[in-house]
Amino acid sequence: MTLDSKNEHIGLTRIHLLWAGPHTFGDVLKMRGRSDYGIYQVYGPHPDGATESLLYIGQANQQTFGERFRGSDHQKWKPDGWGDNTVMLRYFTGRVHQTKDEQQGDAIGDELRRAYINLAERLLLLAHTPHWNSQGINEIPREQADDYDNLHILNWGTRASLLPEVSGARYTETLFDQLCDGPLKYAAG
């Protein structure tokens, strides 16, 4: 995905995520089917936010949502995992959704789906900076900018507080460097 200076939409990668939820911890544990891979969000109380704050964004890529939530790092989220507040946690799951053209051409195989999940998780982390995530919320390194410059995520369904659209061009320096000599400044006209 590289930028063509004549047409910045050449090489555009659009990832459609179809969101569902809210789910309980038990609901997510049951998601072990062939299509149960993707991105998930965790909402709940946080001292710096409200009772329905975005706490975490993660991915179930090499394992299903259910398998991921059975892991020891997620067991603290089950009811009574770390106290009464765990019953207030809500989960949303997002799956890579194919367009009609992609469905007819069987365009998104397992390898491409895994790549889309990796890219989408990183970009959603940058755009939303959940309270519990500490990795992946910094800027995209220059050597990875080509992967994100022309990436566009569209969030469909029950997306909770996620933005409906997220553009990778906003989170890389390379496009900004091509457009501007210095910081953008507002000039009253």
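In this predicted model, the lining of the second largest pocket is made up, by class, of 5 nonpolar, 10 polar and 2 charged residues. The space in this second largest pocket comes to about 250 Å³, and 17 residues line the pocket, with Tyr-56, Gly-58, Arg-68, Glu-121 and Gln-135 lying nearest its centre. Strand E3, which covers residues 53-60, and helix H4 each supply at least two residues of this lining, and the largest share, 4 residues, comes from E3.

The largest pocket has a volume of about 370 Å³. Of the 12 residues that line the largest pocket, Arg-34, Ser-35, Gln-98, Asp-110 and Arg-113 are the closest to its centre. Strand E4 (90-96) and helix H4 (110-128) each give at least two residues to the lining of the largest pocket, and by class this lining holds 3 nonpolar, 5 polar and 4 charged residues. As background to both descriptions, rolling a probe the size of a water molecule over the atoms shows where empty space is left.

**The sheet and the helix across it**

The strands form an open sheet of 6 strands in the order E3-E2-E4-E1-E5-E6, and the pairing in this sheet is mixed. The edge strands are E3 and E6, each of which pairs on one side only. Neighbouring strands of this sheet are turned against each other by 20 degrees on average, when direction is ignored.

| Strand pair | Sense | Bridges |
|---|---|---|
| E2 and E4 | antiparallel | 5 bridges |
| E1 and E5 | parallel | 7 bridges |
| E5 and E6 | antiparallel | 3 bridges |

Individual residues show how these pairings are built: Tyr-40 stands opposite Thr-93 in E4, Arg-14 stands opposite His-152 in E5, and the bridge partner of Ile-153 in E6 is Val-166. In a regular strand the side chains alternate between the two faces of the sheet.

Helix H4 lies across E1, E2, E3, E4, E5 and E6, and runs at about 160 degrees to E3. Why can E5 be called largely enclosed by the rest of the structure? Buried residues are those with under 20% relative accessible area, and because 5 of the 7 residues of E5 are buried, this strand is largely enclosed by the rest of the structure.

**Backbone features to look for**

Most residues other than glycine have a negative phi, and most peptide bonds are trans.

A cis peptide bond joins Gly-21 and Pro-22, where omega is about 5 degrees, and Pro-22 has its place in strand E1, which spans residues 13-23.

Thr-129 is not a glycine, and yet its phi is positive, at about 35 degrees. This residue lies in the loop between H4 and helix H5, the latter covering residues 145-149, and Thr-129 counts as partly exposed because its relative accessibility is 46%.

Ala-160 is likewise not a glycine, although its phi is positive at about 60 degrees. Ala-160 is found in the loop between strand E5 (151-157) and strand E6 (165-167); with a relative accessible area of 34%, Ala-160 is partly exposed.

Terms used. Residues are numbered from 1 along each chain as its sequence is written. This is a predicted model: local features need pLDDT of at least 70, side-chain atom pairs count only at pLDDT 80 or more; totals for chains, interfaces and linings use all residues. Side-chain values use heavy atoms; hydrogens and water are left out. On a 1 Å grid over the protein atoms alone, a cavity is a set of points where a 1.4 Å probe fits but cannot get out, and a pocket is an open set with protein on both sides within 12 Å along at least five of seven lines; lining residues have an atom within 4 Å of a point. Grid points are joined across faces, edges and corners, and a volume is the space filled by probe spheres set on the points. Ala, Val, Leu, Ile, Met, Phe, Trp, Tyr, Cys and Pro count as nonpolar, Asp, Glu, Lys and Arg as charged, and the others, Gly among them, as polar. Buried means under 20% relative accessible area, exposed over 50%, partly exposed in between (1.4 Å probe, protein chains only). Two strands pair if DSSP finds at least two bridges between them. Axes are lines fitted to C-alpha atoms, for helices over the stretch in contact, and angles run from 0 to 180 degrees between N-to-C directions. Contact means heavy atoms within 4.5 Å.
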